[in-house]
Amino acid sequence: MNAAANPADIMPTWPEGGVSRVPYRLFSDNGVYALEQERLFRGPVWNYLCLELEVAEPGDFRTAFIGETPVVVARDGNGELRGMVNRCAHKGALVCLAERGNRKHFSCIYHSWTYHLDGRLRGVAFRGGLKGKGGMPEDFDPARHRMQPIRVEVFCGLVFGTFESDMPPVEEWVGPTMAHFLKRNLGSRPLKVLGTHSQIIHNNWKLYAENVRDSYHATLLHTFYTTFKVNRLDMDGGILLSEGTPWHHISYAKRATLEEAAEYKDANVHSASYDSKLNGPALLKTEDEFDDGITHSVQSIFPTLAVHFTLNSLCVRNFVPRGLEETELVWTYLGYADDSEEMTAMRVLQANLTGAAGLVSLEDGCINEFVQRGTRGSGDAAAVLEMGGRGLESSESSRATEVSIRGFWSGYRGLMGYA
Amino acid sequence: MIGAETRQRIEDFLLDCAWTIDEDDLEAWPGFFAEDGRYRITTRDNEERGLPVGIMLCEGRGMLEDRVLALRTANIFEPHRYRHILGRPRLRESEDGLIRSDSSFIVMRTMQDGRMDLFAAGNYRDLLRVEDGQVMFQERAAVLESRRVDVLIVIPI
């Protein structure tokens, strides 16, 4: 750790009230942002990097980010998954410029230093000089120079990476409740990508981390469902937090009992089942895929991953900090490799509900920016998070709670040096 | 062979559609589509990889109407307007008597406080039906050059 970065000098004093208060300064302070890179992103967490299917074959690589640090995930010639910082050991240039591809080895374009797919230095251009002149010193040892390795691990088709050498496996780190739900959504059948795009949102990354855990705002800000009468406010649902540090969460809902009326049961596939006022009701044609009754869910994995399964629309969201007040929210829509054409068509149409133009979710593109703008000049003021109490207990009967946001802050506080 | 008169009709039609959006006459926008017409916004990256999920998809005029109604009554966002700049269409005859039209566009976005950005650039990949001198979209795909959308898309491109 950088000796100059004493958290006590940089981090704001946390107000009385613990995780039920959040100092606004955390969203707009450059010192805080820099310290997060070091203590949080490069600290003891597993960061989501990419899908395993994107690096399926030997030679496949995918670039990604841990906080702002560029990294690359590659499958080497032996089929092993490797992770390394995407930085040449010579002058620090990016080694992989493309987002994805397939290579026999990596080559830095600046001075043609080449690397094996595991990041070991393979060759240095003009190492012996030209015509007997120049070149590297006699004692230059390629074995002492390499792209900095990071640990990578796959869980449920998701590739995670960490700078921390002493981390438990991902499954253990997320805890049994989170692991079970990731297996339900991503781990039971081979996945396929249906499409991807991203959204630049003009806010600190933590505002989106809060937003994605915020079940309180869902039916208040996002009025599509209620306006078009396609969702019931009294649906069964709840919030589950991870064991240990409660920084991961699942928010789930079960469609109303109306859905189980006899006329729907025999068909299983039912259009207009929501008694909606849509002119194009086929948008919400849906089919039950699980027997636990859960039809809407959002799961967050600290720090920057969320997975939603809304009706039949399955999507991985990765929110990548691009600076203090800018975040790239990457949406990757998924299906299962063995989906029928009909199921794929439903997933494709239901993708309209979310994403940059999501009928339900598009407000999230601007709401966090409104907080970012609203909290300028706020001094030592703090947000109030008391909906559903001030504690950190799972809420299995109600989503009118901010408990999962408090859970995020409890993990954040631990990493950033608050007692 | 696409005659000069047909070309002129198509160019006017494409221009009218863009003006309908820019003048905030969005209720008239679904009328540019055939009853079973299709509208998509996607990215060049998705198109090149053959991936079906883009950013917006409406199948049939009803879904276009729902989009407009959602924008007017349900969705919440900071007020903004578009200004489309269109390139001349590249026209080719397609199957079933349809005409394939490709045209470049850029969309400038102006927020209520006057902030103005280049919001989108791309290709309109259109399948046009021309009947009795009337042009309509059988399919319109707004294929964005960039995979990144600034803030959100609520007004159709």
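Predicted model: local features only at pLDDT ≥ 70, side-chain atom pairs only at ≥ 80, totals over all residues.
The interface between chain B and chain A is considered first. The size of an interface is often given as the accessible area lost when the parts come together. Here chain B and chain A bury about 3300 Å² between them, and 54% of that area lies on carbon and sulfur atoms. Within chain B, the residues that lose the most area to chain A are Val53(B), Arg147(B) and Val151(B), which together account for 20% of what that side buries. In terms of residues, 34 from chain B and 40 from chain A take part in the contact.

Polar and charged interactions were also counted across this interface. Between chain B and chain A there are five salt bridges, and 23 residue pairs are in polar contact, with both residues of each pair at pLDDT 80 or more. On the side of chain B that touches chain A, at least two residues each are supplied by helix 2 (44-48), strand 2 (56-59), helix 3 (61-73) and strand 8 (148-150) of chain B. Helix 3 of chain B gives the most to this side, with eight residues. Sorted by class, the side of chain B that touches chain A comprises 17 nonpolar, six polar and 11 charged residues.

Arg148(B) forms a salt bridge with Glu328(A), in which the closest N and O atoms are 2.9 Å apart. Arg100(A) forms a salt bridge with Asp45(B), with the closest N and O atoms 3.8 Å apart. This second pair crosses between chains, from Arg100(A) in strand 6 (residues 100-102) of chain A to Asp45(B) in helix 2 of chain B. Arg100(A) counts as partly exposed because its relative accessibility is 28%, and Asp45(B) likewise counts as partly exposed, at 25% relative accessibility. A network of salt bridges links Glu99(A), Arg100(A), Arg322(A), Glu328(A), Asp45(B), Arg49(B), Arg147(B) and Arg148(B).

Strand pairing also joins the two chains. Strand 12 (residues 191-201) of chain A and strand 8 of chain B run parallel and are joined by three bridges. In this pairing, Gln199(A) has Val149(B), in strand 8 of chain B, as its bridge partner.

Within chain A, strand 5 (residues 81-85) is largely enclosed by the rest of the structure, because four of its five residues are buried. Strand 5 of chain A is joined by five bridges to strand 4 (residues 69-75) of chain A, and the two run antiparallel; the bridge partner of Arg75(A) in strand 5 is Leu81(A). Strands 4 and 5 of chain A form a hairpin with five residues between them, and Gly79(A) in the turn has a positive phi of about 85°. Strand 5 of chain A also pairs in the antiparallel sense with strand 10 (residues 149-155) of chain A, over two bridges, and Met84(A) stands opposite Pro149(A) in strand 10.

Two helices of chain A contain buried residues that were examined in turn. Helix 5 (residues 205-212) of chain A is mostly covered, with eight of its eight residues buried. In helix 10 (residues 364-374) of chain A, the buried residues include Asp364(A), Cys366(A) and Gln372(A). The buried residues of helix 10 pack against strand 12, helix 5 and helix 6 (218-221) of chain A.

Another buried position, His248(A), lies in the loop between strand 13 (236-241) and strand 14 (249-254) of chain A, and counts as buried because its relative accessibility is 0%. The side chain of His248(A) makes a polar contact with the side chain of Trp247(A), at 3.2 Å. Beyond residues up to four places away in sequence, His248(A) touches several others, among them Trp173(A), Met178(A), Leu240(A) and Phe302(A).

Over all chains, the whole structure has 48 salt bridges. One of the salt bridges pairs Arg21(A) with Glu386(A), the closest N and O atoms being 2.9 Å apart. This pair links distant parts of the chain, 365 residues apart, with Arg21(A) in strand 1 (residues 21-23) of chain A and Glu386(A) in the loop between strand 21 (382-384) and helix 11 (403-415) of chain A. The side chains of Arg189(A) and Asp338(A) also meet in a salt bridge, at 2.9 Å from N to O.

How values were computed
Residues numbered from 1 in each chain as written. Chains lettered and ligands numbered in written order. Heavy atoms only, no water. Buried < 20%, exposed > 50% of the residue type's maximum accessible area, 1.4 Å probe, protein only. Polar contact = N/O pair within 3.5 Å; in protein donor to acceptor, adjacent residues only side chain to side chain. Contact = heavy atoms within 4.5 Å. Buried area = accessible area lost by both parts, 1.4 Å probe. Salt bridge = Lys/Arg side-chain N within 4 Å of Asp/Glu carboxyl O. Nonpolar A, V, L, I, M, F, W, Y, C, P; charged D, E, K, R; others polar. Pairing = 2+ DSSP bridges.
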